[in-house]
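I opened the notebook to record what I looked up in this entry. The notes follow the order in which I checked things.

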Amino acid sequence: MSSGTRPGVVEGERRVPRPGMDWSAYEPIAAEERLPPDEVVTIEVDTGRAMRVPQGHIFRLTCPEGAQVADVCIFNADDPTERLWANQTLNREGAYVSTGSRLWSTMPHFRPLATIVADTVRARTDPTDTPHHIVLGAHCNPWMWLLATGRDDHPNCYDHLCMAVDEVGIDRALIHDNVNFFQKTRIDTATYQYVTQIPDVAAGDFVELYAELPLVVAVSVCPMGSGRFRAESGRRDPKRLVASVHPTAYRPPPFAYPPPEPLAASSHTRREASD
Ligand SMILES: [Zn+2]
């Protein structure tokens, strides 16, 4: 069958290859009853916090009081210059992440930092509806709020993420990409603008990240709250978040790229594949 005859695939389109993933290695991690947490942190409104997540542990982020957007940065704890790369996560996983998605790191490594093993929001969402947990959104900052409200002292995710990384001694200059967990967002097809919607998040909903490497996870409680109000409206509904770190019985499955094929044997095939 040619690709043009498959629904949803347009002739001539190309998709970025995604390294194979053996979900069966993650099924027991996703399914096992969570062990009591090593650490629990409540992240209050208009603040940010960072947590260390040992390799093979679970980082759970919960909305205890209902929908609250979390702007989350992820770093390799041993070398925080290796951190989440949102654009390449989009290329490999799609713009939205959920159970089974991997969150990819920056060059020169470009490997999974974490794998999402639980997302209770998904079960509540109509599959044809706008998804949650987007990697396109970046974080709000003082300049964005200044334009929207005329205030130069408005709470914002950049300041919260600075608070968070200060807590663990990571350079503020390394704050860049993030995932917007619990945010329901679409791209308007007429204007290509980024449009937030009221999330389908209920009190108690959570996502869980399985740490492929030793991680630091920095979380901002977005001052926008659920994202249901425009920043210019002066209205917002922020709520606290709860983060917890749980041990598991499982070590991460090894991740490695396949060794390069000898150029002489494969150059013709490669050229064709990249046409
Ligand atoms: Zn924000």
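How many of the residues of strand β6 (residues 112-119) are buried? I looked this up in what is a predicted model. Eight of the eight residues of β6 are buried, and I noted the strand as mostly covered.

**Entry 1: partners of β6.** I then checked what β6 pairs with. Strand β5 (residues 102-104) runs antiparallel to β6, and three bridges join the two. Within that pairing I found W104 opposite P112 of β6. Strand β10 (residues 205-211) also pairs with β6 in the antiparallel sense, over five bridges. I noted V207 in β10 as the bridge partner of D119.

**Entry 2: the loop between β5 and β6.** P108 sits in the loop between these two strands. I looked at the peptide bond from M107 to P108 and found it cis, with omega near 10 degrees. For reference, most peptide bonds are trans.

**Entry 3: H133.** I placed H133 in strand β7 (residues 132-134). Is H133 buried or exposed? Its relative accessible area is 1%, so I put it down as buried, the cut-off being under 20%. I then listed its contacts, leaving out residues up to four places away in sequence.

**Entry 4: β8 and β9.** T185 stands opposite T196 in β9. The two strands form a hairpin, with six residues between them. Y192 is exposed, at a relative accessible area of 66%.

**Entry 5: another positive phi.** I also noted A138, a non-glycine residue with a positive phi of about 55 degrees. A138 lies in the loop between β7 and α3 (142-149). I recorded A138 as partly exposed because its relative accessible area is 39%. Most residues other than glycine have a negative phi.

**Entry 6: P36.** I found P36 in the loop between α1 (27-31) and β1 (39-43). P36 counts as exposed, with 61% relative accessibility. Which residues does P36 contact, its neighbours within four places in sequence aside? I found H246 and P247. The C-alpha atoms of P36 and V245 are 8.7 Å apart, although 209 residues separate them along the chain.

**Entry 7: the whole chain.** I counted five helices and twelve strands. The radius of gyration is 20 Å, close to the 19 Å that the globule rule gives for 275 residues, so I noted the chain as being as compact as a globular protein of that length. The C-alpha atoms fill a box of roughly 60 × 50 × 35 Å along the principal axes. Of the 275 residues, 47% count as buried. Among contacts with a separation of 6 or more, 76% join residues 24 or more positions apart. I put the accessible surface at about 13,900 Å², with 53% of this belonging to carbon and sulfur atoms. Lastly, I looked at the 27 positive and 36 negative charges, whose mean positions are 3 Å apart.

Definitions and conventions: Residues are numbered from 1 along each chain as its sequence is written. This is a predicted model: local features need pLDDT of at least 70, side-chain atom pairs count only at pLDDT 80 or more; totals for chains, interfaces and linings use all residues. Side-chain values use heavy atoms; hydrogens and water are left out. Helices (H or I, at least four residues) and strands (E, at least two) are DSSP runs, numbered from the N terminus. Buried means under 20% relative accessible area, exposed over 50%, partly exposed in between (1.4 Å probe, protein chains only). Contact means heavy atoms within 4.5 Å. Two strands pair if DSSP finds at least two bridges between them. The radius of gyration is taken over C-alpha atoms; the globule rule is 2.2 Å times the number of residues to the power 0.38. Accessible areas come from the Shrake-Rupley method with a 1.4 Å probe; for residues, only the protein chains shown count as cover. Lys and Arg count as positive and Asp and Glu as negative; His and the chain ends are not counted. The place of a charge is taken as NZ of Lys, CZ of Arg, CG of Asp or CD of Glu.
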